Structure formats: C-alpha cells, structure tokens
Amino acid sequence: MTTTVYVPRDSAALAVGADRVARQIAAEALARNLPVRIVRNGSRGLFWLETLVEVQTPQGRVAYGPVVRADVPGLFDADFLGGGAHALNLGLTEEIAYLKKQERLTFARMGVTDPVSVADYEAHEGFAGLRRALALAPADIVQQVLDSGLRGRGGAAFPAGIKWKTVLAAQARQEYIVCNADEGDSGTFSDRMTMEGDPLMLVEGMAIAGIATGATEGYIYVRSEYPHAIATLNEAIGNAEQAGFLGDDILGSGRSFRLIVRKAAGAYVCGEETALLESLEGRRGIVRAKPPLPALQGLFGQPTVINNVITLASVPLILARGADFYKHYGVGRSRGTLPFQLAGNIRHGGLVEKAFGLTLRELLYDFGGGSASGRPIKAVQVGGPLGAYVPESQWDLPLDYEAYAAVGAVVGHGGIVVHDDTADMSQLARYAMEFCAIESCGKCTPCRIGSTRGVEVIDKITSNQNRPQQVILLRDLCDTMLHGSLCAMGGMTPYPVLSAINHYPEDFGIEAPDRAAA
Amino acid sequence: MTETTDTAGPGIAASIAAAHKDVPGGLLPALHGIQDAQGYVPPDAVPLVAEQFNLSRAEVHGVVSYYHHFRSAPAGRLLVQVCRAEACKAMGADALLQHAEQRLGCGVHGTSADGQYSLEPVFCLGLCASSPSIAINDEVHARITPALFDEIVEEARQAS
C-alpha cells in the first residue's frame with residue numbers, strides 16, 4: 001500500500017533543507033522498495049520544527065521534526081511510514097499543543113493540503129464561498145463582508161466592506177481588485193505563507209471581491225523577495241483557470257474575473273496603497289496625496305479595491321459560513337481572527353492564528369516559550385518596523401486595534417519581533433530612522449529630511465553631545481514627522497523611536513522620560 | 001567594461017521592451033524581463049526602453065534607479081543577500097553581515113575583486129521566525145551561523 005508523506009514546500013522549510021529531505025525520502029523508499037507518495041504541502045507554521053515531515057496513518061497524520069536529511073534512514077529504520085517511535089516523533093500533528101490551542105479559521109488548510117491542487121482545496125471547503133457569492137446579488141455579498149466586521153489586515157484596519165461598497169457604487173468602464181502582497185514588514189510572513197501554502201484561498205477571495213464590485217480584473221503585487229510565492233501563485237492561478245474558477249464565465253455564471261501577478265522591485269514604500277498603484281502603473285512608487293481615494297480613482301484612474309492578502313483571504317470563509325460565524329470571534333470592534341507572527345529572538349517562532357483579545361504575554365510564553373537565547377525578553381516590537389516597542393508593563397493588554405492605539409502602539413499586520421536584554425534600544429531607534437531614510441519615497445519633507453536628521457540627532461544623544469537639548473529636538477522632529485508626513489512611512493517611524501526613548505530611557509543615557517508615553 | 005556581453009544586449013532589451021509596451025503598466029515587467037535575461041539593466045538599454053514606451057530616458061532611468069531590485073551593473077556570479085531587518089537583528093544579523101563582508105571580500109553593495117560575489121542587504125525575506133536569514137541567487141537559507149554561512153556559500157560556489 002502506498003503511504004502518503006508530507007514534506008512542506010514553504011520557504012521557511014526550504015530554507016532549512018526541506019528539498020533535500022524530500023529527495024532523501026524518495027531515494028530511501030525506492031531503495032527499500034516501499035511505495036511512497038510525497039505531497040509538498042504548505043507549512044503548519046511551527047517553524048522551529050521545520051522540516052516537519054508528516055505521515056498519513058490510519059490514526060491520522062503523525063509528525064516528525066525537525067528532520068534533516070541525515071535523519072531519513074533512521075526514520076525508515078524506525079518504521080516512520082507506520083507512525084513508528086523515534087526521537088523526532090511528535091505524535092499526531094493535530095494534537096501538538098501549539099497548533100491545538102489556536103483558532104485557525106483563515107489558516108485552517110495551511111500545511112494540510114497541497115497548495116496548488118484544486119481538488120484538495122475543494123475537499124477542504126475551498127470555493128464554497130465563491131459558489132455562495134455567485135448565487136447572491138453584489139450588494140448582498142458586500143453586506144456580508146460589512147456585517148462580518150472584517151477590517152483591513154494590512155495595518156490601517158479600515159473596514160473592508162466600506163471600500164467594497166464604494167467601488168460597487170462607482171460608475172466606470174472598468175473596476176479593479178488589487179491585492180497588496182508587498183509584505184515588507186520585518187516579523188511578518190503570513191502573506192508569504194498564504195501565497196505559498198494556500199494560494200487558492202487568495203484567488204477565491206479576489207474572485208469574490210470582483211463579483212461583489214463588478215471588477216473583472218485583479219492584480220496581485222508581490223515582493224520580488226518572494227520568488228517562491230510568485231511561482232506558487234502563478235501555478236495556482238493556472239489550475240484555477242483550468243477548473244473554471246477564474247477567467248470568462250466562472251462556473252457558467254456569466255461572470256468573468258482575470259488575475260495577474262505583478263512582481264515588485266524592492267521598494268518598501270510600495271506597501272503603501274497609492275505608491276503601490278504608481279508602481280503597478282509602471283512608475284516610481286511615489287505616494288499620491290489623498291483624496292481622491294483609490295476606491296474612486298485607483299489603478300489606471302479607475303475605481304479600485306485595494307486590500308491586503310489576509311483581508312482578501314478571510315473573505316471565502318465569511319461567505320461560506322456567514323458573517324455571524326466570523327463576527328462571533330474577537331473583541332470590541334476587532335472582529336474575527338488575526339494570524340499573529342512570532343519572530344525574532346523567540347524559542348518557538350511561528351504562526352499563531354487566534355481571535356483578537358489574547359495578550360502579548362500569552363503569545364510570548366504560552367506559545368513562544370520565551371526567548372531563543374534563554375535570556376529575559378526586554379522589548380517586543382508589534383506591528384512591523386513602524387510599530388512601537390512594547391515594554392513588559394503592557395504585555396497584558398488585549399491585542400485589539402483600539403486597546404493598542406490607546407497606548408500609542410499598533411497591532412498592524414500582527415507581526416511580533418522579540419528582543420532579549422542584550423538589545424540596545426537607542427540603536428534600534430536609530431535603525432528605525434535609518435530604515436526610513438533608505439526607504440522614503442522622497443515626496444514629502446518630514447519623511448525625507450526628518451529621517452536623516454533623526455539618525456544624526458540620535459547619534460548626538462548616544463554620544464552625549466548636548467544630550468538634554470537633543471532629546472527635546474528629537475521629540476520635536478518626531479512630532480513633525482507624525483503630523484506632517486504624507487503617508488505612514490514618515491508618519492509612523494516615530495512610533496518605534498518614541499517608544500524606545502520613553503520606555504527604555506537608560507539606553508539613551510537619560511534618566512526618565514520627560515513626557516508621557518507617545 | 002561590458003562591451004563583449006553587451007553586443008547581444010541591446011537587441012534583447014529592445015525586443016523585451018517591445019513585447020511589454022502595450023501591457024498596461026508594462027514598464028516594470030519589461031525591466032524585470034531585461035534583468036532576468038541579462039543579470040542587470042544595462043545603461044544602454046535605457047534609451048531603447050524609453051523609445052518603446054514613449055517615455056523620456058530620464059523617466060526610465062528614474063524608475064530603474066528608484067527600485068532596490070534593479071541593478072545598473074552586473075552582479076557577481078553569486079548574489080548574496082543578508083537580511084538586515086529587526087527580526088534578524090534580534091538574532092545576530094549585524095555580526096553575520098560583518099562576517100559576510102570578510103568572507104566574501106567585499107563590502108555591502110559591493111562585488112568581490114574576482115567577480116565571484118556581490119553582497120546586498122535585504123529588508124526581510126519573510127523568514128523572521130527562523131532568523132537570521134540569507135538568500136543566494138534567490139535560494140533562501142535560515143538559522144544562519146557564521147560557520148553555516150561559510151558552508152552554504154562554498155556549496156553554492158561549487159554548484160554555480
């Protein structure tokens with residue numbers, strides 16, 4: 001009997017040798033005359049266990065990890081094809097505590113299915129949302145998204161349904177759906193995992209958005225740093241077209257939707273929606289002033305829905321199970337779940353999908369198991385390179401958009417980067433300014449000039465040149481950037497800087513913050 | 001400096017540009033095509049692209065130079081990218097970058113004298129839970145120590 005073995009094809013698995021493991025399993029099975037079918041699934045997101053090899057047994061899928069090539073002969077000797085005992089045997093995958101404690105709605109198929117198989121996708125509730133959408137009037141689809149409470153998962157947290165509604169109401173010769181897959185924030189990888197591990201979910205979400213708003217064309221703007229994601233997406237789109245879920249006359253409904261993948265070129269600011277549109281149109285990715293809103297004048301001047309990967313990927317389930325099902329998860333105005341990404345100096349880094357409302361402390365210790373170095377955790381940057389450093393006194397706040405905003409922090413895209421007590425917060429603040437200087441589009445002065453001056457001022461503070469005056473100057477500069485920048489690039493760079501100086505003043509050589517937390 | 005490789009270059013660049021000129025927003029795909037084919041966007045391709053797209057040379061140059069991904073000069077045989085973003089920094093990326101400079105014999109944004117290696121910083125490869133990470137000619141590697149870095153670079157050099 002042929003045994004099915006799963007070896008992930010996610011970048012994080014490839015980066016620790018998953019291809020070699022897969023080749024070794026194939027070679028070993030051949031040599032021992034044991035029939036094996038290897039499925040290259042996505043990653044479960046338990047990255048410290050990669051390469052996580054799973055074997056289909058009558059009891060369920062049994063996990064082994066982290067497996068390296070040299071382990072493979074021993075695994076065969078231990079009858080791993082029968083779920084045999086071995087030092088790397090982790091038991092049934094679904095029973096691994098890190099996974100079992102999660103609430104995987106959007107990521108339910110992640111690591112379970114073959115990412116590019118339409119049949120596998122459909123066998124796991126795939127395309128149920130699109131089928132339901134095809135039976136609804138566009139306004140009813142939009143109402144479902146509104147009722148679900150889904151807000152943009154890219155960081156700004158704007159209600160997705162309102163954008164859709166605006167585009168639906170707009171009169172134009174052509175509307176567009178644009179997926180912002182320019183996930184450039186350090187500590188984030190949920191978009192990459194989606195595109196590599198369950199790309200059909202994004203395809204389905206975009207097709208639903210198209211049907212809901214009357215858009216017949218969609219673009220996915222993907223980072224050039226993600227070659228595997230681009231390849232997997234293109235493969236999935238081809239398969240979806242062939243199966244009739246994309247293209248002209250979707251499933252005989254008379255509706256059309258075409259998807260095009262566009263490769264970005266390494267400019268961080270293109271994650272800002274108007275800069276992204278400029279780039280898609282073939283220009284330098286320079287921020288546009290708003291208004292006009294992209295929902296009215298977006299790509300090529302036409303009404304455009306721009307949503308992040310996870311936002312669009314959340315839509316199929318909302319349509320399949322209904323707005324009430326989704327809305328039931330979460331707290332306050334933060335509805336549903338967020339795939340939190342635990343990264344940096346953390347023992348068990350990976351993807352944790354939970355409803356809004358859990359705390360950072362739970363993520364850091366119950367899931368993450370503390371720092372990777374074993375040293376005390378000092379600072380945690382939440383929400384990407386433009387997010388605040390959150391000190392221990394705030395680790396018990398519920399993770400929801402409003403609660404974080406109230407303390408000058410952001411949930412953003414759910415990226416969580418952990419630093420231990422060896423981190424020098426003045427250097428991380430300097431780095432935030434330096435990053436802004438490198439990546440600024442240059443259109444507005446606060447961001448372009450402010451970031452360069454920011455680096456200089458922080459250098460003066462740390463080398464104790466007129467320190468008290470320079471601290472005041474840095475705060476003034478941050479105030480100008482916060483309120484005077486055209487977009488979030490300059491407007492949020494002060495978050496990591498001010499949070500570092502407010503919560504860790506000793507790292508700057510000053511005794512106590514001279515103002516309340518920013 | 002690149003006369004020999006460029007004799008075929010302008011023809012390739014012009015035909016790639018021509019193939020993309022009617023694609024909406026086709027300039028970036030055209031530049032990607034040229035860089036994928038030639039390893040960089042040669043300065044003498046710029047006027048040819050400009051002509052196809054009915055743009056000024058300055059506009060095309062502006063796009064090429066704006067994006068970190070596009071190169072105006074050839075890279076070494078192995079393009080080594082070391083992630084400098086926060087998650088990797090938290091796990092020693094700064095020290096790794098210093099090690100890379102020594103091992104490859106070139107500074108950041110530089111190419112080694114023998115043309116073997118180019119070293120570029122990169123801001124996030126999406127491997128933040130397995131940091132620090134690097135990429136060599138688009139192939140990603142995670143949990144990198146200096147010793148592992150040397151091993152991977154040597155393996156890639158022999159394979160290339």
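Two rings of Phe, Tyr or Trp count as a pair if their centres lie within 6.5 Å. Keep that cut-off in mind for the opening stops of this tour of a predicted model.

**Stop 1: a ring cluster.** Select Tyr268(A), Tyr431(A), Phe435(A) and Phe123(B). Ring pairs link these residues into a cluster.

**Stop 2: Phe47(A) and Phe189(A).** Over all chains, a search of the whole structure turns up 17 aromatic pairs. One of them joins Phe47(A) and Phe189(A), edge-to-face, with 5.3 Å centre to centre and 75° between the planes. Phe47(A) sits in the loop between strand E2 (36-39) and strand E3 (53-57) of chain A, and Phe189(A) in the loop between strand E6 (176-181) and helix H9 (190-197), so the pair ties together parts 142 residues apart in sequence.

**Stop 3: Tyr98(A) and Phe367(A).** Here the ring centres are 5.6 Å apart and the planes stand at 80°, so this pair is edge-to-face. Tyr98(A) is in helix H4 (residues 97-100) of chain A and Phe367(A) in helix H15 (residues 360-367) of chain A. The pair links distant parts of the chain, 269 residues apart. Tyr98(A) and Phe367(A) are both buried.

**Stop 4: charges over rings.** Lys101(A) lies over the face of Phe367(A), 4.7 Å from the ring centre. Then move to Tyr6(A). The charged end of Arg61(A) sits over the Tyr6(A) ring, 3.4 Å from its centre.

**Stop 5: helix H21.** Select residues 494-503 of chain A. How many of the ten residues of this helix are buried? Eight are, which leaves H21 mostly covered. Among the buried ones are Pro494(A), Val497(A), Leu498(A) and Ile501(A). Next, display what covers them: strand E14 (377-382), helix H17 (425-439), helix H18 (445-462) and helix H19 (467-484) of chain A are included.

**Stop 6: the cysteines.** Select the sulfur atoms. Two of them must lie within 2.5 Å to count as a disulfide. Over all chains, the count is zero. Take Cys270(A): the nearest cysteine sulfur, in Cys441(A), is 8.9 Å away. Cys270(A) has 0% relative accessibility, so it counts as buried. Finish at Cys478(A). Its closest cysteine sulfur, in Cys436(A), is 10 Å away, too far for a bond. Cys478(A) is buried as well, with a relative accessible area of 0%.

Note on methods: Residues numbered from 1 in each chain as written. Chains lettered and ligands numbered in written order. Predicted model: local features only at pLDDT ≥ 70, side-chain atom pairs only at ≥ 80, totals over all residues. Heavy atoms only, no water. Phe/Tyr/Trp six-rings, centres within 6.5 Å; stacked < 30°, edge-to-face > 60°. Helix = DSSP H or I, 4+ residues; strand = E, 2+ residues; numbered from the N terminus. Buried < 20%, exposed > 50% of the residue type's maximum accessible area, 1.4 Å probe, protein only. Lys NZ or Arg CZ within 6 Å of the ring centre and 35° of its normal. Contact = heavy atoms within 4.5 Å.
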